[in-house]
Amino acid sequence: MQHTNHDLHHGHDHDHAHHEPGFWGKYVFSTDHKVIGIQYAITALVFLFFGFSLMMLMRWQLAYPGKAIPLVGSLLHNMLGDAAPGITDASGKITGYIMSADLYNAFGAMHGTIMVFLGIVPLAFAAFGNFVVPLQIGAPDMAFPRVNMASYQSFVVGGVIMLVSFFIPGGAASAGWTSYSPLATLGSTHGQTFWIIGMVFLITSSLLGAVNFIATIIQMRAPGMNWMRLPFFVWAQFVTAFLLLLAFPPLEAAAVMQLMDKVAHTSFFLPTGLVVSGQLANISGGGSPLLWQHLFWFLGHPEVYVLILPAMGIVCEIIANNTRKPIWGYKSLVYSTLAIGFLSFIVWAHHMYLTGMGTKISTFFQTTTMIISIPSVIILTCFFISLWGGSIRFNTPMLFCLAFLPMFGIGGLTGLPLGFNYSDLFLHDTYYVIAHFHYIVAPGTIFALFAGIYYWYPKATGRHMSEFWGKVHFWLSFLFMNLIFQPMFVQGMAGLNRRLYDGGATYAGVADPATGLVVGIPQVFLDLNKMISHAAWALALVQIPFIINFFWSMKNGKKVTSDNPWEATTLEWQTPTPPPHGNFLTEPHVYRGPYEYSVPGHGKDFTPQNEPEHGAPQPIPQKAH
Amino acid sequence: MEIPYTVKPRPDTGLYNAKVGIWLFLASEVMLFGALFSAYILLRVGASAGTWPHGLLNVTLGTINTIVLITSSITVVMAWVSLKLNQFGKFKMYQAITLLCALAFLGIKSVEYKDKFSHYQIIKKDGTYVDGHMHGATYLDKEGKSREEHKFHGLSFKENNVEYSLKEVVLNGIEAAQLSEINEPHKDKEHKHEHKNISVPAAEIQKINNYGPWHNTYMAIYFTLTGLHALHVIGGALVIGFLWGPGAKMWRTEPERFTNRIEVSGLFWHFVDLVWIFLFPVLYLL
Amino acid sequence: MSDNHTAHDVSKHVRGYLIVFGALLIGTVLTVWASHFHFGNKDSNVGNIVVALIIALTKAFLVAGYFMHLISEKKLIYSVLAFTGFFFAGLMFLTLWSMHPQNIVHFK
């Protein structure tokens with residue numbers, strides 16, 4: 001409807017929108033938000049599986065320290081050389097290959113980096129945000145389609161740099177995903193340099209994406225789509241984009257400084273009098289290792305909400321749709337999300353209690369941390385109450401969402417002892433922390449992302465994924481996720497340190513002959529390592545149905561019978577399936593809030609947002625402005 | 001459907017898309033430079049007494065560069081005004097001046113950088129300092145034949161398979177018993193140090209390095225802040241240059257949209273100026 | 001500055017831009033000149049820092065307010081910048097506060 005005379009005069013500038021682009025233009029260098037969303041989704045899913053594979057190898061080392069790696073041992077040796085050294089039997093014959101301590105460290109650092117920055121953020125924020133947000137607000141595309149493409153390309157470049165770093169001499173970065181200096185800076189290998197440069201590209205990608213999302217949500221809402229009619233998912237993405245926009249630049253600054261430390265031999269994060277391997281380091285000194293930690297966690301904590309808010313948005317959409325009820329407390333959800341976004345900038349140093357911050361500062365950050373748990377609880381409570389009295393449809397997306405609620409609850413509540421200074425001092429470097437945040441991002445966020453994939457798949461492809469295999473995928477994933485992370489709480493509370501290359505075998509408990517008391521970590525907690533590892537490998541196996549389902553259904557899935565197969569109210573279901581370039585045939589007008597399910601007096605149990613007060617949705621011929 | 005509000009402002013926000021976009025981007029830039037300024041304050045507060053240099057940089061060059069950037073800011077505004085008044089020729093002239101200013105700024109900056117790379121500090125084995133610009137270095141080959149160099153090539157270097165080792169270095173500068181005499185010369189006005197050529201034999205040298213980013217945390221933050229700022233100048237100049245050259249043909253087809261582009265690129269340019277307004281006193285004067 | 005200003009309005013602003021330009025030049029000279037004096041307590045340079053920052057903030061206000069049209073900008077932009085300012089202040093002050101030597105616990 002924008003084809004006024006004015007536009008036609010300058011039509012040659014918009015030619016790309018009018019004729020069909022070729023393969024490269026359509027799938028690789030596309031500026032269409034839906035294609036970019038799908039590009040992000042597939043790339044991020046590949047990275048998620050890759051990051052998971054690194055952990056599966058590490059779990060072998062933890063369960064069977066020093067034993068030859070089965071199946072992929074020689075492959076690893078061929079690719080990475082002596083990082084996976086051979087072990088020999090009595091006759092000197094090589095019987096297999098093991099994981100060296102350096103490789104374990106590199107895999108650990110890259111597992112975290114890849115899962116967070118190349119897996120979940122691009123999937124939760126960029127992929128779902130790109131595909132769904134413009135559709136839900138009734139926009140033809142993002143505000144800046146070419147910036148959007150640049151964002152994806154920058155992401156790919158960053159990802160490739162991270163992958164290449166595995167194969168350079170000395171291997172990938174191995175100072176943890178947090179890259180604390182001086183550990184990260186002082187090594188002679190270049191893995192960390194690659195990590196920093198890769199991060200700069202990923203940060204650039206996120207910044208471009210964030211600018212685009214915010215501008216789109218502010219500027220491109222369809223007529224009538226005022227702020228309190230936005231689907232909660234859009235709100236979640238809006239706040240997430242602000243977190244990325246304002247929290248990432250300090251990490252970029254820190255990355256630039258660490259790069260200078262690494263390449264130009266500055267001492268931003270290196271203190272005076274630093275001793276390395278018994279020798280006074282040849283540096284100018286005068287820097288501060290704590291500065292890195294502050295700048296890192298200034299991003300790092302908002303990043304946690306970058307991971308969880310889009311997931312909450314997805315869960316909200318799916319719960320409303322499958323309970324066939326309005327979401328309980330829409331405004332509370334919105335304000336809680338804004339409060340989380342705001343508060344998340346002033347809680348970061350609760351990651352740093354162990355650095356010896358003074359009591360006043362610890363108290364300050366402890367207080368803000370406790371306060372920020374309140375809006376999170378409000379959100380979760382709203383979701384639970386929304387279930388009350390609904391006639392729930394238990395389809396695959398809904399099952400994942402229902403599992404999200406208690407899983408996120410466990411993850412959140414176990415975070416409280418970590419938010420308190422005193423209990424954190426004991427728990428901080430143990431498996432308890434691993435269990436806590438994985439409960440939030442693995443059975444929490446990732447379950448919500450699975451739910452989102454099953455839910456919006458019909459819109460993207462015009463076909464359903466298999467319900468049966470979806471349920472198999474759900475129930476087994478649910479089982480194994482809990483078998484992996486629940487025992488880690490136990491290990492952590494027993495004091496098992498989370499960075500041990502051999503899973504703690506060195507510190508195995510020995511009974512003191514005099515008293516009979518066990519000194520060290522009792523064997524029973526170390527034995528859990530084996531159980532956890534087996535559960536992790538089983539979790540990988542049960543993703544196979546999902547992967548096959550995902551690709552098989554593109555061509556062979558059950559065809560959708562209408563453009564709105566879930567009978568949903570939001571605008572993305574009011575488009576053709578799959579939506580064409582430009583999305584809507586006529587500009588949608590919005591007349592109501594996002595979750596008008598089972599409104600009394602209506603013939604059907606859902607009322608789309610673009611349905612006028614009386615009668616069916618009609619294309620409105622003339623815009624008001 | 002076309003993307004709305006690329007030219008005309010959206011009624012409820014009063015803004016066109018690109019203006020929202022650039023301000024959001026500038027917000028993130030505020031956080032980027034803000035983090036670096038925080039780092040600057042921290043490093044400076046944490047520096048032990050006498051190690052933070054004062055008056056090291058050339059204030060005259062810094063002042064000239066400040067004026068150059070301010071001039072470029074007014075020409076950017078005037079270029080936008082010219083388009084609003086439908087005076088395309090004037091727009092071309094003003095943006096040409098902007099681009100020349102950008103070049104001048106970068107030229108002066110590189111002169112300053114070069115100066116720092118030829119400025120050396122020697123810690124002698126007796127614990128005293130010699131600090132000044134490299135006047136020359138004498139190297140010896142295996143046979144004891146000496147060779148004069150204007151530049152410093154390290155304690156030894158190899159050329160055409162001949163190894164040369166340092167005999168002595170001549171710096172044009174001052175001798176000092178303590179670091180604070182070099183870093184805080186204004187504190188001690190009676191003791192005015194005359195610059196003179198000082199020759200230091202290689203055997204007396206404990207450590208020698210130039211004022212690159214590795215020299216101390218002040219030089220580190222100086223090079224990082226000004227380097228990042230210079231990258232922004234280059235980026236801004238590329239955009240303005242594109243809109244001045246090939247991008248200017250949009251003026252004929254979509255004048256309003258082109259004017260918006262000039263406004264948006266101008267906003268970025270003013271931000272770069274804004275950063276320099278803080279960098280100049282912080283690095284040069286305080 | 002909204003985009004529907006007429007050519008007449010715009011040319012009226014030109015005078016303002018030139019005044020701001022002059023003020024910026026004066027500010028630059030002023031800050032260099034002021035750096036030759038010592039303000040406040042003999043042993044600290046806090047006085048000089050305050051003077052330099054006041055001049056810099058004034059110049060920044062002129063550039064942002066007039067060249068970037070912030071004084072007549074839309075509410076939306078103000079809100080974005082207000083949030084940014086708040087988080088920037090949080091980053092700077094909380095970091096400085098927690099890294100102040102008095103507030104660091106030294107484990108012995």
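Of the 108 residues of chain C, 26% count as buried. A residue is buried if 20 or more other C-beta atoms lie within 10 Å of its own, exposed if 12 or fewer, and partly exposed in between, with C-beta atoms placed from the backbone. The model is predicted; local features need pLDDT of at least 70, side-chain atom pairs count only at pLDDT 80 or more, and totals for chains, interfaces and linings use all residues. Residues are numbered from 1 along each chain as its sequence is written, while chains are lettered from A and ligands numbered from 1 in the order in which they are written.

Chain C holds three helices and zero strands. Its elements run α-α-α from the N terminus on. Helices (H or I, at least four residues) and strands (E, at least two) are DSSP runs, numbered from the N terminus. Contacts require C-beta atoms, placed from the backbone, within 7 Å. Among contacts in chain C between residues at least 6 apart in sequence, 50% join residues at least 24 apart.

Chain C meets chain B through 38 residues, in contact with 35 residues of chain B. Helix 1 (7-34), helix 2 (46-67) and helix 3 (75-98) of chain C each supply at least two residues of this side. By class, the side of chain C that touches chain B has 26 nonpolar, nine polar and three charged residues. Here Ala, Val, Leu, Ile, Met, Phe, Trp, Tyr, Cys and Pro count as nonpolar, Asp, Glu, Lys and Arg as charged, and the others, Gly among them, as polar.

Chain A also touches chain B. In this pairing, 44 residues of chain A are in contact with 35 residues of chain B. Two or more residues come from each of helix 8 (191-219), helix 9 (232-263) and helix 10 (289-323) of chain A. Helix 9 of chain A gives the largest share, 10 residues. The side of chain A that touches chain B comprises 25 nonpolar, 14 polar and five charged residues.

The largest nonpolar core has 288 residues. Such a core is a set of buried Ala, Val, Leu, Ile, Met, Phe, Trp, Tyr and Cys residues joined through C-beta atoms within 7 Å. Ile214(A), Leu245(A), Val315(A) and Ala451(A) touch the most other members. Leaving aside neighbours within four places in sequence, Val315(A) contacts Phe383(A), Cys401(A), Phe404(A), Ala448(A) and Ala451(A). Another core, of 12 residues, lies apart from it; Val130(B), Met134(B), Tyr139(B) and Leu166(B) are among its members.

Phe404(A) also marks a kink of about 25° in helix 13 of chain A, shortly before the proline Pro406(A). The bend at a residue is the angle between axes fitted to the seven residues ending there and the seven starting there. Helix 13 (residues 396-413) has 18 residues and reaches 26 Å from its first C-alpha to its last, close to the 26 Å expected at 1.5 Å a residue. The expected span is 1.5 Å times one less than the number of residues. In helix 13 of chain A, 13 of the 18 residues are buried.

Two cis peptide bonds were examined in chain A. One joins Ser181(A) and Pro182(A), with omega about 0°. Pro182(A) sits in the loop between helix 6 (145-164) and helix 7 (183-186) of chain A. Another joins Thr577(A) and Pro578(A), with omega about -20°. Pro578(A) lies in the segment after helix 19 (544-556) of chain A.

Asn583(A) is found in that segment after helix 19 too. Its phi is near 70°, a positive value in a residue other than glycine. Asn583(A) is buried, with 23 other C-beta atoms within 10 Å. Tyr5(B), in the segment before helix 1 (17-46) of chain B, has phi near 60°, also positive. Tyr5(B) is buried, with 20 other C-beta atoms within 10 Å.

Technical notes: Contact = placed C-beta atoms within 7 Å.
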